[in-house]
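Here is a friendly briefing to read alongside the model on your screen.

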Amino acid sequence: MRLVEAELRTVALPLVTPFRTSLGTQTVRNALLVRVLGADGEEGWGECVAEDEPTYSPEYLEGAADVIRRFFLPALFAVPDLDAAGVAPVLAHLRGYPMAKAAVEMAVLDAVLKAGDTALAVHLGGVRDRVRVGVSVGIAPTLDELLDTVDRHVSAGYARIKLKIEPGWDLEPVRLVRETFGAALMLTADANTAYTPADARHLSRLDAYDLTLLEQPYAPDDLYGHAELAARMETPICLDESITSARDAARAIRARACSIINIKPGRVGGYLEARRIHDLAQANGVPVWCGGMLETGLGRAANLALAALPGFTLPGDISATARYYDRDITRPFELAGDSMEVPVGPGIGVTPDPEALKDLGVNSPLQVRKPS
Ligand code: OSB
Ligand code: MG
């Protein structure tokens, strides 16, 4: 396609319950959306998963919007025939900002696939029409409230429960959930970098609770620490924040810093790099699963397509719309048994509802046009 125009806008989706992790508490998801238009009327949508503040990753929403407008779009306007695979190479000389790059690539991917009447799952090589999914459960005000929340999600049918942990909220909630729900519950824990290697002995006590994995206990750059912990613990170590590219993934596997990888397309610069990590992990016998960033229906639809690839053998952080929002910008996504259906429509399979964009929008769309 020949890119002629793009629009950037932010929508604010209040969360149904506050989401607390070791990094902070979120009550609203502000999402940056990218709409691209081609010379032949092609239209595509992308979602940037950068959060309000640079806590989970160095990116933040306003910074992402700025780098897209100021640098990415001018570089892409200059390409006469742009396809999705061309986006990353054109932006490669601009360092960093994987979440901003992923959003733009997603929009171009959606536009090109919609124009060609191909579903994203088919394009990526998906082999499933439904994928098993889990819920990421935030740090609760009390253990009783945690048990209530987990009970609700287990009763709803979710295939796996992930507990957010931090120092002071780790062994006890994990033990209680394991004892209350029994050995059959697939249970994991995510520390979002809240520990250091000085906590290795303490974390090893999690081995008593048969977790499927422990996600990102240490700092993103501490591959060596994760390798030491992985050697010491029976619980498999999974990396999230540490993996921002296929090259990172190769290094982490080689260093034995993890035996499972959480793949988030935004964190790694897009769905195409996400697929490369999937392929590499599969070649190395490393299971992967699709992480989440409290996406709107746009990102959720695309994540379901990614999770249809064969190496995504563990349930993803892709929950039903109702677990996040009363009102989304797309049609709602629902749980069917312990799974969700992979969208079959062209592109990412959904488009935002103009009414919802109007009602939830926090600014008017910023239009950026190719200079003539
Ligand atoms: O670490 O996986 C994480 C949400 C925001 C930032 C980081 C993480 C998360 C989640 C939520 O765990 C996953 C979801 O979207 O349901
Ligand atoms: Mg995580």
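The notes below go through the domains, the metal site and the aromatic rings.

Please keep in mind that this is a predicted model. The chain is divided into two domains: domain 1 covers 3-116 + 353-369, and domain 2 covers 121-341. A magnesium ion (ligand 2) is also present, coordinated by Asp190, Glu215 and Asp240.

**How the domains meet**
- Taken over C-alpha atoms, the centres of domain 1 and domain 2 are 24 Å apart.
- Domain 1 brings 36 residues to the contact, and domain 2 brings 38 residues.
- Together the two domains bury about 3,100 Å² between them, with 66% of that area on carbon and sulfur atoms.
- On the domain 1 side, Phe19, Arg20 and Tyr56 supply 22% of the area buried against domain 2, more than any other three residues.

**The magnesium site**

**Rings and charges**
- One aromatic pair turns up in a search of the whole structure.
- Arg160 places its charged end over the ring of Trp289, 5.3 Å from the ring's centre.
- Arg331 has its charged end over the ring of Phe333, at 4.2 Å from the centre of that ring.

Key
Residues are numbered from 1 along each chain as its sequence is written. Chains are lettered from A and ligands numbered from 1 in the order in which they are written. This is a predicted model: local features need pLDDT of at least 70, side-chain atom pairs count only at pLDDT 80 or more; totals for chains, interfaces and linings use all residues. Side-chain values use heavy atoms; hydrogens and water are left out. Rings of Phe, Tyr and Trp (its six-membered ring) pair if their centres lie within 6.5 Å; planes under 30 degrees apart count as stacked, over 60 as edge-to-face and the rest as tilted. A charge sits over a ring if NZ of Lys or CZ of Arg is within 6 Å of the ring centre and within 35 degrees of the ring normal. Donors are N, O and S atoms within 2.8 Å of the metal (3.2 Å for Na, K and Ca); water is not among the atoms, so sites may look incomplete. Domain bounds come from an automatic or database domain assignment. Contact means heavy atoms within 4.5 Å. Buried area is the accessible area (1.4 Å probe) that two parts lose on being put together, summed over both.
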